[in-house]
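Dear colleague,

I am passing on the structure we spoke about, together with some notes on its strand pairing and its charged side chains. Please keep it open beside this message as you read.

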Amino acid sequence: MGSLSDAAAMRHMDVHMEAEEKYAEACLAAAGADRLARKLQLEMVSRLASEACTTPARWGPWLYYRRADEGKQYPVLCRRSAALHGEFVSYSDPSAGFDFTAGKRIEQKLVDYNKEAERFGGYSYEELSEVSPDHRYIAYTMYDKDKDSFTLLVRDMVTGTLCDKPRADRVSNISWAMDGKALVYVVTNEDRRPYRMTLVWEGESQVHCIVEHHHGRLYLFTDASREGVHVNSHYLMQSDVESPGPKSWKMPDAVVDYNLLNGKWQIVQQQNMLHERTKVLYGNAFASSMGKLSSDGADLSSQDLGDCDWNELSEYYACEYYDVPSKDGVLIPLTLVYSRKHKQEGNPGLLHGHGAYGEILDKRWRSELKSLLDRGWVIAYADVRGGGGYGKEWHQDGARTKKMNSIYDFVSCGEFLLEKGIIQENKLAGWGFSAGGLLVASAINTRPDLFRAAVLKVPFLDVCNTLLHPILPLTAIDYEEFGFPVDHEEFLAIKKYSPYDNIQKDVPYPAVFVTSSFNTRFGVWEAAKWVAKVRELTQYDPERPVILNLTTDVVEESKYLETKELATETAFLIKMVNNT
């Protein structure tokens, strides 16, 4: 593929996008998914009206939240004094309330993303945001369409004006230091790789670390090896700012921790951190990783798992957990959510997965799920190896040469759902985003008969070629995650799981809806190449189309575009699965 700045290459891409758009429209119309998508979009938009405001998050003396103004496309970041929280009328009218003592409205508008859209070519896509410890400034990065990079802005939250400095393009990370008097940020080069930063942490590969500055001390939260001893969890180190250096870092014996789930304080001992988990000396303990689960399933919807939207809806929706044996016998946590009213034997189902970078699978309540749940679907989440939440080894057992473990785990969870009759045979769909798209696509290659449909959002599909010819802004962590193809053993491992290199020939594949964008980290050509190869090699079935949805839009921060895309994907799944 030529460079995106190549005019000839872009003309060819425009022609290809137009052809794919017409093909997608024809396939969706033939299945009746276009009409259903319009209906679903109305459903989802109507729910947005009841979600005019996010739940306020308290930090210091302030409550921060985002709310939507009627008729506006993008939200507004606001805050209110926590002392005047009693004046907070309702989420449907979050701007209400007046401070008669100060003589002004209680709510303070901080960032209006509708105005940011005017500044940045009609798009308002924020990647990073950080409020200073003294609550005076907010630093955030906005996507600049013309520059195709993220621009750093700093706004004075007291006056509401933008600061002249600092201003920088291609910013990939930000953090406040010196109690808000200094801002540290990382700038990438033209290849979008970080090349200039203020603070550098050098350590073993795949080490996670968070550095904070507070009251003259630096705090490091990491899982790096300690005194040569392997650590399977995180611990805290501290050092005085005035005496930096490797020998100045010490492990405090006890740390005060705040549990956001139940709003309670804990005092945690770290003395035996190298050999066992942390111990709670005072306060109610909370599990840092999920304990042993029942293979027969446990309905935990009535238990107190903390304040969250799922529990508030437990009257209507139930949640079950299972331990599912993978190919090598390792038990994989599987979470199910379904409607109490519509649950029956043999429902259609959607299996989510990610399994990369040690990241925890997102199981938060999203209103678009209601459209599936209320139509009798079971939503399942497979916490496969390679993901987070179960220790460092869990992540490493699904990375590099062990990446096939993630795929076997996902396939095993799908087989379990069918074998137990939870989901009807030929009615299972898969869903994966980014590296999760790699997981689902590889699972389809492994067991194409297991799935009836799938949605792959901005997926990583041509792993081997991309890692060998890194035209994308890949970093060291990507090679640590997926493998380094220059090494012969790792090259063979990548070739074994790479979705593009393992498409089965003359075999019926499920219906697949692939979404990619010019603004994604993984190039649009990956999705285009994979779709073309699947169409070429596999058995053609007009009832199982492989659709490529290419877009130049940034949908993440536009509720309208995001809802439209979600409605189309949901309609595709419903029609492909229910028309069997």
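E415 is partly exposed, with a relative accessible area of 23%, where buried stands for under 20%, exposed for over 50% and partly exposed for what lies in between, using a 1.4 Å probe and protein chains only. Before going further, please note that this is a predicted model, in which local features need pLDDT of at least 70 and side-chain atom pairs count only at pLDDT 80 or more, while totals for chains, interfaces and linings use all residues. Residues are numbered from 1 along each chain as its sequence is written, and side-chain values rest on heavy atoms, with hydrogens and water left out.

The side chain of E415 meets that of R447 in a salt bridge at 2.4 Å, N to O, the term being used for a side-chain nitrogen of Lys or Arg within 4 Å of a carboxyl oxygen of Asp or Glu. This pair links distant parts of the chain, 32 residues apart, with E415 in helix α7 (residues 403-419) and R447 in the loop between α8 and β25; helices (H or I, at least four residues) and strands (E, at least two) are DSSP runs numbered from the N terminus. R447 is also partly exposed, at 24% relative accessibility.

Across the whole structure, the search finds 20 salt bridges. Another of them joins R119 to E116, with the closest N and O atoms 2.6 Å apart; the two residues are separated by about one helical turn, because they lie three residues apart in helix α3 (residues 113-119). R119 is partly exposed at 42% relative accessible area, whereas E116 is buried at 1%. K495 and D501 form a further salt bridge, at 3.5 Å from N to O, and of these K495 has a relative accessibility of 33% and D501 a relative accessible area of 25%.

Turning to the strands, β24 (residues 423-433) pairs in the parallel sense with β22 (residues 347-352) over five bridges, pairing being assigned if DSSP finds at least two bridges between two strands. Within that pairing, A429 in β24 is the bridge partner of L350. Five bridges also join β24 to β25 (residues 453-457), again in parallel, and there F433 has K457 as its bridge partner.

Elsewhere, three strands form an open antiparallel sheet in the order β7-β8-β9, whose edge strands, β7 (126-131) and β9 (149-156), each pair on one side only. Strand β8 (residues 137-144) is joined to β9 by eight bridges, and M142 has T151 in β9 as its bridge partner.
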